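Which aromatic rings pair up, and where do charges sit over rings? A short report follows the structure.

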Amino acid sequence: MKKKILLSLFIFIALFTIAGCGKGVKEKDEKTGKDKTAYTCIKKNIDQKSSSTGNTYKLDVTNVAKLDDTGKLIYYSTKNTYTMKAKEECTSSCENATKWNNEINDKKYSGSHRETKCNCDKNEYMEEFIYDDIPNLDKYVRSDISELKDDNSFDLESWLNKYEKIGYNCN
């Protein structure tokens, strides 16, 4: 009897090992029950200090990856929301970020663009790096997404693990 239980347990472990847990691959969306194709990793209230001004601020980061049914990346974005201590700090920082992001946009790297939104009445500004045409993504900005492969497939498991290891909440 013990041999049958041990054999059954061994077979179960072997099957589980062969099949793997498949984290991030064809997960089901809890609300719709359909295969999940969009993944988000978020980290909030990161304490930061400006190297140029010495000012401290809070940073919220949201990374989004959307895949098609074959595992190819079709959309990627990183949104950084900065909460400054004073309106003047926010205004100055947002103006600098806007100028820099506009310079990058003026280079017209295909497949991507940057957006900046200032809300300095609330001491907050946001900048977002958007990659929305992955098949035509310029080689210079393509390197921003380290898990993106040459055939546009995306190493989702590696991406999730990378962010979870540094304290992001991924789903």
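In this predicted model, the count of aromatic pairs comes to nine. Take Tyr76 and Trp159 to begin with. Their ring centres are 6.1 Å apart and their planes stand at 75 degrees; edge-to-face means over 60 degrees, so the pair is edge-to-face. The two residues come from distant parts of the chain, 83 residues apart. Tyr76 belongs to strand E3 (residues 73-84), and Trp159 to helix H4 (residues 156-165). Tyr76 is buried, at 4% relative accessible area. Trp159 is buried too, at 0%.

Now a tilted pair: Tyr109 and Tyr140. The distance is 6.3 Å centre to centre, with 55 degrees between the planes. This pair also links distant parts of the chain, 31 residues apart. Tyr109 lies in the loop between helix H2 (87-106) and strand E4 (112-119), while Tyr140 is in helix H3 (residues 139-142). Tyr109 is partly exposed, with a relative accessible area of 25%. Tyr140 is exposed, at 55%.

Tyr76 and Trp159 also belong to a cluster.

The table gives two cases.

| Charged residue | Ring | Distance to ring centre |
|---|---|---|
| Lys66 | Tyr75 | 5.0 Å |
| Arg114 | Phe129 | 4.2 Å |

Lys66 lies over the face of Tyr75. In the other case, the charged end of Arg114 sits over the ring of Phe129.

Note on methods:
Residues are numbered from 1 along each chain as its sequence is written. This is a predicted model: local features need pLDDT of at least 70, side-chain atom pairs count only at pLDDT 80 or more; totals for chains, interfaces and linings use all residues. Side-chain values use heavy atoms; hydrogens and water are left out. Rings of Phe, Tyr and Trp (its six-membered ring) pair if their centres lie within 6.5 Å; planes under 30 degrees apart count as stacked, over 60 as edge-to-face and the rest as tilted. Helices (H or I, at least four residues) and strands (E, at least two) are DSSP runs, numbered from the N terminus. Buried means under 20% relative accessible area, exposed over 50%, partly exposed in between (1.4 Å probe, protein chains only). A charge sits over a ring if NZ of Lys or CZ of Arg is within 6 Å of the ring centre and within 35 degrees of the ring normal.
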